[in-house]
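I opened my notebook to go through this structure chain by chain and to write down what I looked up. The entries follow the order in which I checked things.

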Amino acid sequence: MASHGEVRVYAPDETTARGWSDAAIAEVRRIETKYSRYRDDSVTTAINRAAGGGAISVDAETASLLDFAAELHAQSDGAFDLTSGVLRRAWDFKTGRVPAQTALDQLLPRVGWSKIEWHSPTLRLRAEMEIDFGGIGKEYAADRAAAVIVDVGGLHGLVNLGGDVRVIGPHADGQAWRIAVQDPRGEPGTTIAYLNVPHGAMATSGDYERYFEHEGRRYSHLLDPRTGWPVEHWRSVSVVAPLAIAAGACSTVAMLKPVDDALQFLQAQRVRYLAIDCAGRQYSM
Amino acid sequence: MPTPAKTGSILAAALALPGVVPSAQAQVTVPNATLIQFKYLYYKDYQENNGVTPGSSGDRMTVKSPALYLLAPISDSWVFEIGAVYDNITGASPYYHTVLSGASGEGVEDKRLAGDITVTKYFGRTAVSVRGAYSTEDDYRSIAGGFTLRHATPDQNTTFTIGIGYSSDDVFPQDGPVFTRTKNTLDGIAGITQVLSRNDVGQVNLYYANQSGYLTDPYKAIYGVDQRPDSRDQFALLVRWNHYFQSLNATLRSSYRYYHDDWEVDANTFTAEWGQELPEGFTLTPSARYTTQSAAFFYYDPVYDATLGAPFPPGYATNPNAFYTSDQRLSAFGGITLGVKLAKVFAEGWSVDGKAEYYEQRGDWRIGGDGSPGLQAFKAQLYQVGVNKKF
Amino acid sequence: MKRLIAVASALAFSVLLIGCETVQPWQKGNLAKPDMAFGPDPLQTRFEEHTYFSKEGASGGMNVGGGGCGCN
């Protein structure tokens, strides 16, 4: 999950605060270890190794995440797809080369949630297909870390994993957390707006997190799994929803939709949002 | 053509993930932790004197009880609960009214061992529990079972509960003529638990029980006069309410129970507990209880027949087969309990707690009618210490 | 008397069901506190129920199938 994370809690005393944040961080680490595609012993690696072979059985937690991913795939007309990870092989963000269409054409057959057989709790991947929980893992970890603190009595604080924030409760004096929205075209750390979040979560998808520019066009890491090409409708979409995983899913899906469709979608989801389109125009609710 | 998004559909899908929202109390969801409790009760009741000699000891029963409880989710839909208690009972008990057995050198010594198992299976928002209980002591044995169904609405804000239970008890007193009699109890409960706000949850339970068989206290029948009907119909309406005071970090748990039976015992019972969170993991909980009860229709005051003397009620000779009891528990009184509990939570799910309570019954304290005269005030002290582990 | 109990019960049940706001799952943080359970300490509840059952004329209302004892 290689990004900055922090837990902030208000607690009756320092020992308790430390205990709570340690428990929350332990939960984040547990999820990171379990779903990291870089680890040999992770669930993700086990699933991907079995691709092309027989069906494998997954545990209850993984099954519920896969069910969620399936639901999201259906609700987003395929824009949200856990199998889209292989496309990153065509895109080299270090050297900044635009791939040939043929390179993408070779990878696209290996992408597509509808091509896998998922009948809880057994999963069967076709050969050369891959699952990657990167699209929901961080947000899920934020929600779980917050739940751990709430379960032991924490009422005020937040969990911030690389910009995806799940609020446990407002500041001790009842004030909402003021969460900064990164300026998509500014230096890292520059703010374009603040959102007040007393409860719930805020997640942002942006085309500035990983990208390169070539001949005046920006190519970001947010790829449309149906075409293999990066999205271009939005610079960033920030969503406030009761759960981080819901906020993250909404922002990811909205990023992949043209402006009107995306706004309609966000309104139907009844979430607050701040969306900045490719020309820098802001839309908010 | 894009799929029209159902309102709030992503959030709905996200809420289906287990463990992302707090597991509130009063929900029908599998508990997410195993709990083991050990608790020790020291109980002692007494009155002013033995009812015969002024200045004598009024000590009545002393009970020392270690008890265990285990709650264990076995899988994602099965939960086991086991309880066990071992009562060590010694002391004196009234023969009639507040005249103690100790006055004539007779005391009580008994041990009671009881255990119960409850198995619960969860089907989504519905839980089915089956319970079996067994209790054995020198002169009494009870075998009981119960079946309870709980069902929650989709938002888990309302839970409906119904339950039915049956108990078959054998009574075989160790004093007097040898006999074994049975007492059977059939009971049922129906209730609703409702989340009222972020900080409030309420519960209303309607309870009915029918007891039949030998309902008399055998020792009072031998040493006093005690002849009770062979059936008893009981009703209770219990209302409970828990409120969390966010700004005070405290919880108020309160309840009211109305009770009525066909022995004409009517009781109104109020309880309140204030759980105050303190720094360093401490919680201090003062508690109070008040109950007021009417006497059973066959209870007679400590006024005895002119000819036969104590323990016989006036006119007993002309009506020897009527119902009579001198049992203080079936008299009219008001009872007050005051208690305080201190608990501390440690790391790794350990916690310890200690509670001290004082309980007194007096005829004078009855509200809603006259208290039964002529009885010594019943007094009791209860002390509990416990250690718990959650994991 | 039975009618009085029936009416009082019906009233209590309906007040409970009507007078409330819908609380969303993510708003149930306070309701999740152990102290907000009815009977947060199972053994304490058992001891106290048993004591009052043994020393008073009234009982019941919380559970079924509890079994009896010869408690004096």
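I began with burial in chain A, where buried residues make up 45% of the 285 residues; I note at once that this is a predicted model.

Along its principal axes, the C-alpha trace of chain A spans about 60 × 45 × 35 Å. I also looked at contacts in chain A between residues at least 6 apart in sequence, and 60% of these join residues at least 24 apart.

Next I turned to a pair of helices in chain A, namely α1 (residues 14–35) and α5 (residues 134–151), whose axes come within 8 Å and cross at roughly 150°. Since angles over 145 degrees count as roughly antiparallel, this makes α1(A) roughly antiparallel to α5(A). I recorded the crossing of α1(A) and α5(A) as right-handed. On the α1(A) side, the residues that make the contact include A:Trp20, A:Ala23, A:Ala24 and A:Tyr35, while those on the α5(A) side include A:Gly137, A:Tyr140, A:Ala141 and A:Arg144. Sorted by class, the contact of α1(A) with α5(A) has 11 nonpolar, one polar and three charged residues.

I moved on to chain C, for which I found two helices and zero strands. The radius of gyration of chain C is 17 Å, well over the 11 Å that the globule rule gives for 72 residues, so I noted chain C as more spread out than a compact globule. Taken along the principal axes, the C-alpha atoms of chain C fill a box of roughly 45 × 35 × 20 Å. Buried residues make up 50% of the 72 residues in chain C.

The contact of chain B with chain C takes 86 residues from chain B and 48 residues from chain C. Strand β10 (residues 181–197) of chain B gives the largest share of the chain B side, with 10 residues. By class, I listed 37 nonpolar, 35 polar and 14 charged residues on that side of chain B. For chain A and chain C, the contact takes seven residues from chain A and five residues from chain C, and the chain A side has four nonpolar, two polar and one charged residues.

Note on methods
Residues numbered from 1 in each chain as written. Chains lettered and ligands numbered in written order. Predicted model: local features only at pLDDT ≥ 70, side-chain atom pairs only at ≥ 80, totals over all residues. Axes fitted to C-alpha atoms, helices over the stretch in contact; angles between N-to-C directions. Helix = DSSP H or I, 4+ residues; strand = E, 2+ residues; numbered from the N terminus. Parallel < 35°, antiparallel > 145°, perpendicular 65-115°, else oblique. Left-handed = near helix turned anticlockwise from the far one by under 90°. Contact = placed C-beta atoms within 7 Å. Nonpolar A, V, L, I, M, F, W, Y, C, P; charged D, E, K, R; others polar. Rg over C-alpha atoms; globule rule 2.2 N^0.38 Å. Buried ≥ 20, exposed ≤ 12 C-beta atoms within 10 Å, placed from the backbone.
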